[in-house]
Amino acid sequence: MTAQSATHTAPETGYNFAYLDEQTKRMIRRAILKAIAVPGYQVPFASREMPMPYGWGTGGVQVTASILGPDDVLKVIDQGSDDTTNAVSIRKFFKRTAGVRTTTRTGEATVIQTRHRIPEQPLGEGQVIVYQVPIPEPLRFLEPRETETRKLHALAEYGLMHVKLYEDIARHGHIATTYAYPVEVAGRYIMDPSPTPKFDNPKMHMMAGLQLFGAGREKRIYAIPPYTQVRSLDFEDHPFRIQTFSHPCALCAAEGVYLDEVVMDDRGGRMFVCSDTDSCEERREQGHRGAMLADTPAALKGESSHV
Amino acid sequence: MSDTPLLSVSGLTKHFGHRIGCADVSFDLYEGEVLAIVGESGSGKSTLLNLLATELSPTRGGIRYRMRDGAMRDLLAMSEAERRFLLRTDWGFVRQDATHGLRMNVSAGGNVGERLMAVGQRHYGRIRGTAFDWLERVEIETDRIDDTPKAFSGGMRQRLQIARNLVTHPRLVFMDEPTSGLDASVQARLLDLIRNLVSELGLAVIIVTHDLAVARLLSHRVMVMKSGRVIETGLTDQVLDDPRELYTQLLVSSVLVV
Ligand SMILES: [Zn+2]
C-alpha cells in the first residue's frame, strides 16, 4: 500500500454514515439481497434523491452507500480512469460522508464503483464491483412498454434480443454492438451490462467478486453473485467476439487489454494506451515499457496526483 | 386432416359492464377451413375475434383447440406462457393496422425472422435465407429485405405481416379486416395472394370483414353477426346468394348496390 493510493480521513459531521439514512440503506440492502438471490433479475427499489445529477450514477452511489462499512477501501473509476471529474466527485463524496479510505489500486479496494469498465486485474473473492447503470432494460429499444418487457422476462421470451443482433448483422455485416452487449445470466435472465464495452463481458463470467448494478433514474438493482455463468448472446455463424487491438499499450506494452486512442499533440499525433489507468501505472512501476513511453508528456501518462 | 375440429367454441359470451360484446357464440372450425365473420361495425365481430385469439377473456363459455400432438386443450385453462407460445408458433394474427402487427423499426428480414428466433433458431444465415424465401412468396422484392416497413406501401405492409405470421407454418390464422383501406387493385392482389397461400398451406383461417366480397372470395363458411349475436351461419355461397334473415338480405343488397 502506498501513501498516495490509500488515504483516510474522518467523516464530516452532520451526515449519516455514507449520506443515506439507515432505514433507506436497509431498504436498498433488501433489494440487493433479492437481486443476488435471483441473478440478472431487475429488482425495483425506491431510489432516493442524491446530491448529484442522475447522469452521475446515483443508482451506483446508492448501492455503494448501502454496502459500505467503515473498514472498506473504495475505488471509483469512470472510463477506466480514477481521475475523471465523475470519479473524483464520487470518491470525494464518500470520503466526506463516510470517511472511508479510498484507493486507485484495484487490488487494495474492497468496493469498486464503476461506469464503463471492469478493471483488467481480475477481482477476487470478497471484492464487490458496483456498476452505475443508465438504462437497465435490455429489451427497451424494441419494446417500449414496461408491462410487456416485464412479461417477456417472466416468461423468458427472449427472441427479441436476437432480433436486435440480427439487425446489427444485416446492417453492418457483423454484430456491431460494442457496449451494453446483452448477456444471459445463470441460464435464465437476459441482462444489460450497460454501459461497459463488450471487451469486459468475459470478465463477468465466473467472476470471483460480487457484481451489483444500480440504476437510479430507472429505480432498479440487479446482481451477479460470485462464480455465476454469464454468456454473451450471439449466432452460431456469428459467434461473440471481443475487440482486439493490433498494437500493445504505447506506455506499458500490455497486450490483451482494452485500449483508448489518445491524441498526443496538435499535429495529429496519437497513440493507443490502457483504458485502465491504474493497471497501466502498475505495469510501468514493475518496469514494463511501451514504445512511446519516453516521448509522452507526464500529464498524458496519468502521473498527476490522485485525490 | 382429422375428423375432430381444430377449434371448438361453445357459448362464448363477453359483457362489457352492461353492454354485450358478444353472446352465446358456438361453432367448430376444421383444419383447412376458412370462416368469415361478417357484420357492420359494432356487431361484435372484432370482440369475438379477440376472444378467440385469447386477447380478451370471456365472461362465459369455452374454447378448445387441438394441439399438434392431437390433444384437445381448453385454451382458457392454459398458462399464459403456453398460450403465448401457441400464438407465435401454431397461430398467426394479421391485423388491420399493420403498425400493430409489425415492428416498424425493424427490417423486413428481422420482422419475418423474429418468430424463428423466438422458437430458438440461432443461425443467422438460415434465418435470413428463410426470410428471403418468404418475402419472395408474398411478392416483396427481396432487395427490400433490409428496409424497414416504414418505407413500404400499405399493400406491402400487409404482405409482410402475412410472411411474418406464416414463417412458422401455423395451422390457424386470424385476420382482422386485412384488406380494408387499400386501393381496389391492391386489395385484389392481396386477396389473391391470401387465397393461394391458404389453399397451398391448408391453413384454417378466421377472417373478420365488413366486406362481403372478401368473404365470398376467401371463405368456405360465413357467420353473420348483429348486436353481438350470430344470426345466420352456413356455406358462403348459400348465405350470400340465398340469405334467410332479413338483416343478411340487407347486408347482401348493400353489397349489390356497390
Ligand atoms: Zn498500459
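Trainee: Which side chain does A:Arg231 meet in a salt bridge?
Mentor: A:Glu184, at 3.3 Å from N to O. A salt bridge here is a side-chain nitrogen of Lys or Arg within 4 Å of a carboxyl oxygen of Asp or Glu. Keep in mind that this is a predicted model, where local features need pLDDT of at least 70 and side-chain atom pairs count only at pLDDT 80 or more, while totals for chains, interfaces and linings use all residues. Side-chain values use heavy atoms, without hydrogens and water, residues are numbered from 1 along each chain as its sequence is written, and chains are lettered from A and ligands numbered from 1 in the order in which they are written.

Trainee: Where do A:Arg231 and A:Glu184 lie?
Mentor: A:Arg231 is in strand 10 (residues 230-232) of chain A and A:Glu184 in strand 6 (residues 183-185) of chain A, so the pair ties together parts 47 residues apart in sequence. Helices (H or I, at least four residues) and strands (E, at least two) are DSSP runs, numbered from the N terminus.

Trainee: New topic: what does B:Arg84 pair with?
Mentor: A:Glu148, with the closest N and O atoms 2.9 Å apart. B:Arg84 lies in helix 2 (residues 80-89) of chain B and A:Glu148 in helix 4 of chain A, so this pair joins two chains.

Trainee: Are B:Arg84 and A:Glu148 buried or exposed?
Mentor: Both are buried. Buried is under 20% relative accessible area, exposed over 50%, partly exposed in between (1.4 Å probe, protein chains only).

Trainee: And how many salt bridges over all chains?
Mentor: 40.
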